[in-house]
Amino acid sequence: MHLIVTEKNIAARRIAAILAPKSPKKERVSGVDVYRYEVGSGESRQETAVVGLSGHIVGIDFPKEYNNWQKIDARALIDAEITTTPINRKIVTALKSLGKEADRVTIATDYDREGELIGVEALNIIKQVNPKVPFDRVRYSAITPKAIETAFANPTNVDFNLADAGHSRQVIDLVWGAALTRYISLAAGRLGKMFLSVGRVQSPTLSLIVDREKERNIFVPTPYWEIHVELEDAAGETFSAQHSTRRFLEKEEASKVFRKLGKKAELKEIEKGTKTDQPPTPFNTTGFISAANSIGLSPVNAMRIAESLYTNGYISYPRTDNTVYPDTLDLRAQIEIFKEGPFREYANALLEKPELVPTRGKKETTDHPPIFPASLAKEADLKEEEWKVYELVVRRFFATFAGPSIWETMRLKLDIEEEEFRANGARLLEQGWRWYYPYNAPEDRLLPELKEGDLLKVIKKEMLDKETQPPGRYGQGRLINIMEDLGLGTKATRHEIISKLYSRAYIHGNPVQPTNTSFAVMDTLEKYSPTITKPDMTKLLEENMDKIAEGKIKEDTVLDESRDMLKQVFSELDKNRDNIIESLQAGLREDKIIGNCSLCGNELMIRRSKRGSRFIGCSNYPNCTFSLPLPKSGQIVVIDKQCETHGLHHIRIINQGKRPWDLGCPQCNFIEWQKTQQEEQAQQPKKEKPKFIKDLEGVGKATAGKLEEAGITSVEALAEADPVELAKTIKISVKKVKNWQTSCNGAVEDL
DNA sequence: GCAAGGTC
């Protein structure tokens, strides 16, 4: 049997469908889908089975003896043994049983570095049961009949060096990440769920955010002034113009000009021109995420939706670096899918073109094609946001075949009492690709038809007080773009890294803002372990991986070097341990300050009770016992916003996998809570005190009889009876008896 | 309980 192994189930299914002469048979092998078919007949008959993995099916970790953070020093992780264990047992079992049957194995995982490693992982498992089985490797960039048939007709060799390169990344990430995470968490005294993570990708990303916040903090705004006028032409049409000194840095200077301005303006110069906007390039993951982000979807949400559209066959694979359609993709056929349906107008317009020439982006890779719509969806079949994403992908796909959009531009130079003013106008002449892709379209800025020498009336003049703004915080889409530029993370992980920073309470808000904890962690790392805070670590890793892949250097050599570097970092850390502990804890303390106590004026802090539950307490305790409650679960983030009534910082609660909950001012929240409690009690009709035994809940005739036998005939008698004794005599639980007694006392109010 | 990378 010929065994073909792909990276994911859907690839297995589609490859089997392409290669099988008749439709393949789906079978389950230890809970995993396998697609079987036969090619040839008689002597040359060959049985084939295609199975899909689920990405990595084995993972690396330290032996479990290293799990105890308190007992095993972080440094010990550097040279600790590294074990490989299955992370998907079902697939490992399936591979073993298929592997035994196989007389040939073809690795058909994705055409990239991780794909090579994933292929070798599978191969190693198969070799455990069938050591001598011959194997080869096919590489393809799109799952189309043409691409697949060509690839399988020309199998090549597995690239073990490339797989080693991938493996070195795994080891380096684990060793550095785990060791530094443990060190920083222990030094900060943040164990358990509250640990402080450090990693090759997340730390440089956090550093970007922290650095931007620092720039904002030291930013000193400069005041400046602008002068605008509103003009009217002979026909009564109006437009506005601005003084050609766009920013006056001296108020006096601006005022002088402003006072000079009279009632008349003369048009000195008209400059007409055209501006063309080229159509956008095909979507890769980053391009898609930032486009989706600009229409209001968060990166994580956009990817989740894209994933579901992909598994339902509506769009192609959403995790790709590629921005160039491969030759093997029949683009005309992909457009023809839309000849009917809501996009027919657009599809037909494209199909009328004599030639379809798509745009090309800068990145051309072999992993997957750019994201394109794979089949026709009906709006009714999709949820609102799914449709939004689907439509975005369809429109972007179309736009890559469309012509440029062309603007007519007009620049005016005007004179008012020898002061120069300018006005710019733009009018869309040809929609071009913007007809297909109408997102974030700039609007026309229309100016009236004018000629040089025209006189205009100044109908309004104004001088505006402004000041320069600090650099803006990063939005998530922007952050993902920067990460890509710096080589941080991959198409499949960048959005996850950002959401990791959110769930670890390193950042909050949108645009993104770091907590004080982040400042403290980054300060420490930058001082003593700068390598991990910079994108250069990834660059060096990439260079080394390339060398491993080219066979110029052994994986072990790279790992040894990396471990030596980390050991040096640790000797710095150990030398400065006291300082690190102090500065980390000072930074962490900042994030716990809520404001000032309304009773004594001291600081209110997030604290922990002896039992471990969290509350807001006064730092003047025990002299002051003011306190406010906090929710039991979730990370607590103190945000900048302050309550106008109580002056306390607002609080946000972050629960993994859930939307953050803005609790607001903890005091307002508590007052609100008390109010609703009171209302609820007021609304609850007071239960009337039962008059007779038989009116009690859960007392039937039989029980009433038993009670009577025990000498209990009235509710008063029941209320006064010894519950334990009574329970024994009538053989009923003490709890039940006690419940009766509370209702006999009309105890609803006492609760 | 630690990373980042696959996939769902």
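## Domains and basis of the model

The domain assignment divides chain A into domain 1 (2–53 + 88–158), domain 2 (169–218 + 476–584), domain 3 (223–278 + 405–467), domain 4 (285–399), domain 5 (592–683) and domain 6 (693–744), with bounds that come from an automatic or database domain assignment. Taken over C-alpha atoms, the centres of domain 1 and domain 5 are separated by 57 Å.

This is a predicted model, in which local features need pLDDT of at least 70 and side-chain atom pairs count only at pLDDT 80 or more, whereas totals for chains, interfaces and linings use all residues. Residues are numbered from 1 along each chain as its sequence is written, and chains are lettered from A and ligands numbered from 1 in the order in which they are written.

## The surface near DNA strand B

A residue is near a molecule or strand here if its C-beta atom, placed from the backbone, lies within 6 Å of it. There are 42 residues around DNA strand B, of which Gly-55, Trp-69, Gly-177, Ser-197 and Gly-199 come nearest. By class, this surface holds 20 polar, 12 nonpolar and 10 charged residues, where Ala, Val, Leu, Ile, Met, Phe, Trp, Tyr, Cys and Pro count as nonpolar, Asp, Glu, Lys and Arg as charged, and the others, Gly among them, as polar.

At least two residues of the surface are supplied by each of α1 (9–19), β5 (58–61), α5 (160–188) and α9 (299–311); such helices (H or I, at least four residues) and strands (E, at least two) are DSSP runs, numbered from the N terminus. The element that gives the most to the surface near DNA strand B is α5, with eight residues.

## Helix α5

The 29 residues of α5 should span 42 Å at 1.5 Å a residue, and the end C-alpha atoms of α5 are 42 Å apart, which agrees; the expected span of a helix is 1.5 Å times one less than its number of residues. Of these 29 residues, 21 are buried, so α5 is largely enclosed by the rest of the structure. A residue is buried if 20 or more other C-beta atoms lie within 10 Å of its own, exposed if 12 or fewer, and partly exposed in between, with C-beta atoms placed from the backbone. Gly-189, which follows α5, has a positive phi near 70°.

Helix α19 (residues 555–575) has 21 residues and reaches 31 Å from its first C-alpha to its last, close to the 30 Å expected at 1.5 Å a residue. Its buried residues are Glu-555, Val-558, Ser-562, Leu-566, Val-569, Phe-570 and Leu-573. They cover an arc of only 115° around the axis, which puts them on the same side of α19; the arc is that of the directions from the helix axis to the C-beta atoms. On the other side of α19, the exposed residues are Asp-556, Asp-560, Asp-564, Gln-568, Ser-571 and Lys-575. The cover over the buried residues of α19 includes α5, α16 (516–528), α17 (530–533), α18 (536–549) and α20 (577–590), two residues being in contact if their C-beta atoms, placed from the backbone, lie within 7 Å.

In α20, the buried residues are Ile-580, Leu-584 and Gly-587. Seen down the axis of α20, these buried residues fall within an arc of 65°, so they line one face of the helix, and they pack against α5, α16 and α19. The face of α20 turned away from this buried side carries the exposed residues Asp-578, Asn-579, Glu-582 and Ala-586.

## Backbone features in loops

The bond from Asn-510 to Pro-511 is cis, with omega near 0°, and Pro-511 lies in the loop between β15 (507–508) and β16 (513–514). A cis peptide bond also joins Tyr-621 and Pro-622, with omega about 5°, and Pro-622 lies in the loop between β19 (614–618) and β20 (627–629).

Ser-30, although not a glycine, has a positive phi of about 40°; Ser-30 lies in the loop between β2 (25–29) and β3 (32–39) and is partly exposed, with 15 other C-beta atoms within 10 Å. Glu-418, a residue other than glycine, has a positive phi near 65°; Glu-418 is placed in the loop between β12 (405–416) and β13 (419–430) and counts as exposed, with 7 C-beta neighbours inside 10 Å.
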